Amino acid sequence: MIDFRSDTVTRPSAAMLQAMTGAPVGDDVMGDDPSVIALQQAVAARAGKEAGLFFPTGTQSNLAGIMAHCGRGDEYLVGQLAHTYKYEGGGAAVLGSIQPQPIEHEADGTLPIAKLEAAVKPVGDAHYARTRLLALENTFHGKVIPQAYVLEATAFARSRGLATHLDGARVFNASVASGLSLSELCQPFDTVSICFSKGLGAPVGSVLVGSQALIDQARRWRKVLGGGMRQSGVLAAAAHYALEHNVARLADDHDNAHRLGQGLAALPGVQVLAQSTNMVFVSFAPAHRAALNQGLKEAGILMSAVYDGPVRLVTHLDISRADIDRALQVFARLLGA
C-alpha cells in the first residue's frame, strides 16, 4: 500500500522497535524514567532551550504550552487555518478557558503584522479578553515560514508584552528545507512543540521545549490533561531513535514530493496548486473523480480525497522513489494519459 494520506501513517522500523524494547524505564510521573529524561534533554539541547517535556500527542503538547502562557479569560493570536485553532478540538477554549483570536493568513502562511497589531486588545479594559500570546506554525501546509517574518512577528509580540509559541509539528522539515538549524528556528519563541510521529516516523510523541519555569508549568497541565504516563520510556526511545536517525533523510521526502508534483502536473485533469517540503496539494477535474476513487484503492494507493477542496498528498519515510514512480503510472492510467 502506498499511503499518501499523511506522514502520521508510518510504522516503526525494525531498528526503532529494537530501541523501544531495550529502553530502560522508570515512572515518568515521578520524574525518574531515564529514557524520557534522555529524550527531553536531547531535544531541549538541539532546540537551544533550557528544558523539554515529553507528551503523548502534539495536540496535548500545544495545549499545555498555551495553558502555560495563558490563564482563564486570556486570549492568544493564531492563524485562521492554524492547527492549534482549527484542528485541535477547540481545546484552548474548552479546557483552558482561553479565547483564540484567529487572524487570516497571507498566501505564504504568515499573519500580517498590521492584522496582529489590530487584534491586540487594550490593556486594562474589562470589556476584552487579555491578549497574552502569539502562536505561529512552521511548517504551515508544508510551507516554510520565512525566518525574516518569524523574527519580525516575534519582535512585535515582545514589544506588546506577548509571549510566543510555535507549533513546530514539522519544524524539522522546515530545518532541512531551509538549511537553518533547529535552534535557529526555535530561538525566537518562548515555547515550541516538536512532533516525532509525523515525518520522523515515531509511533507517538511530542516534546515541548522552553524555559525551565514554563516547562514546570506545562508539567502540571500535562498531568491535569491526562498526559502523565508511567513507563513511557519505551515510547520516548522511539522518538529518540527518530531524532538520531531520521532527520537528515527528510530531504528524501521533499525530493519525492517534488517528483510527485511534477509528475501530476503533466497529467490531464490535474492542477497542482502547491508543493512544499513533503506536501503536494492538487485539484482533480470532476470528470476524473469517480475513476480515481475506485481505481486508486484497487491499485493499493490511499489519499485523503476531499474533493470539495484541495487534495493533499504527503510523502514520508514509508514511501520510496519507486513508490512515487508506480503511483504516477497508476494516476496516468486512470486519467487516460
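Predicted model: local features only at pLDDT ≥ 70, side-chain atom pairs only at ≥ 80, totals over all residues.

Biologist: Which residues have the most contacts inside the largest nonpolar core, and what makes a group of residues a core?

Modeller: A nonpolar core is a set of buried Ala, Val, Leu, Ile, Met, Phe, Trp, Tyr and Cys residues joined through side-chain atoms within 4.5 Å. The largest one has 48 residues, and Phe172, Ile194 and Phe196 have the most contacts inside it. Helix H11, residues 233-245, gives the largest share of this core, namely six residues. There is also a second, separate core of 25 residues, which includes Leu267, Ile319, Ala327 and Ala332. In soluble globular proteins, nonpolar side chains tend to be buried together.

Biologist: How do you know whether Ser61 is buried or exposed?

Modeller: Buried means under 20% relative accessible area, exposed means over 50%, and partly exposed is in between, judged with a 1.4 Å probe on protein chains only. Ser61 has 0% relative accessibility, so it counts as buried. This residue lies in helix H3, residues 58-69, where helices (H or I, at least four residues) and strands (E, at least two) are DSSP runs numbered from the N terminus. Beyond its neighbours within four places in sequence, Ser61 is in contact with Phe55, Ser193, Ser206, Val207 and Leu208.

Biologist: And how is Leu317 classed?

Modeller: Leu317 has a relative accessible area of 27%, and therefore it is called partly exposed. It lies in the loop between E12 and H14. Not counting residues up to four places away in sequence, Leu317 touches Thr10, Gly199, Leu200, Gly201, Asn246, Arg249 and Asp253.

Biologist: Why is the pair of Phe284 and Phe331 called stacked?

Modeller: Rings of Phe, Tyr and Trp (its six-membered ring) pair if their centres lie within 6.5 Å, and planes under 30 degrees apart count as stacked, over 60 as edge-to-face and the rest as tilted. A search of the whole structure finds two aromatic pairs. In the pair you name, the ring centres are 6.0 Å apart and the planes stand at 5°, so the pair is stacked. It links distant parts of the chain, since Phe284 is in strand E10 and Phe331 in helix H14 (residues 321-334), 47 residues apart. Phe284 counts as buried at 2% relative accessibility, and Phe331 counts as buried at 0%.

Biologist: What makes Arg220 a charge over the face of Trp221?

Modeller: A charge sits over a ring if NZ of Lys or CZ of Arg is within 6 Å of the ring centre and within 35 degrees of the ring normal. Arg220 lies over the face of Trp221 at 5.0 Å from the ring centre, and Arg222 lies over the face of Phe55 at 6.0 Å.

Biologist: What makes E2 and E4 edge strands in their sheet?

Modeller: Two strands pair if DSSP finds at least two bridges between them. An open sheet of seven strands has the order E2-E8-E7-E6-E5-E3-E4, with mixed pairing. Strand E2 (51-55) and strand E4 (99-103) each have a single partner strand, so one side of each is left without a neighbour in the sheet. Strand E3 (residues 74-79) and E4 pair in the parallel sense over five bridges, and the bridge partner of Val78 in E4 is Pro102.

Biologist: How do you know the direction of helix H10 relative to E2?

Modeller: Axes are lines fitted to C-alpha atoms, for helices over the stretch in contact, and angles run from 0 to 180 degrees between N-to-C directions. Helix H10 (residues 212-224) packs on the sheet, touching E2, E7 and E8, and its direction makes about 20° with that of E2.

Terms used: Residues numbered from 1 in each chain as written. Heavy atoms only, no water. Contact = heavy atoms within 4.5 Å.
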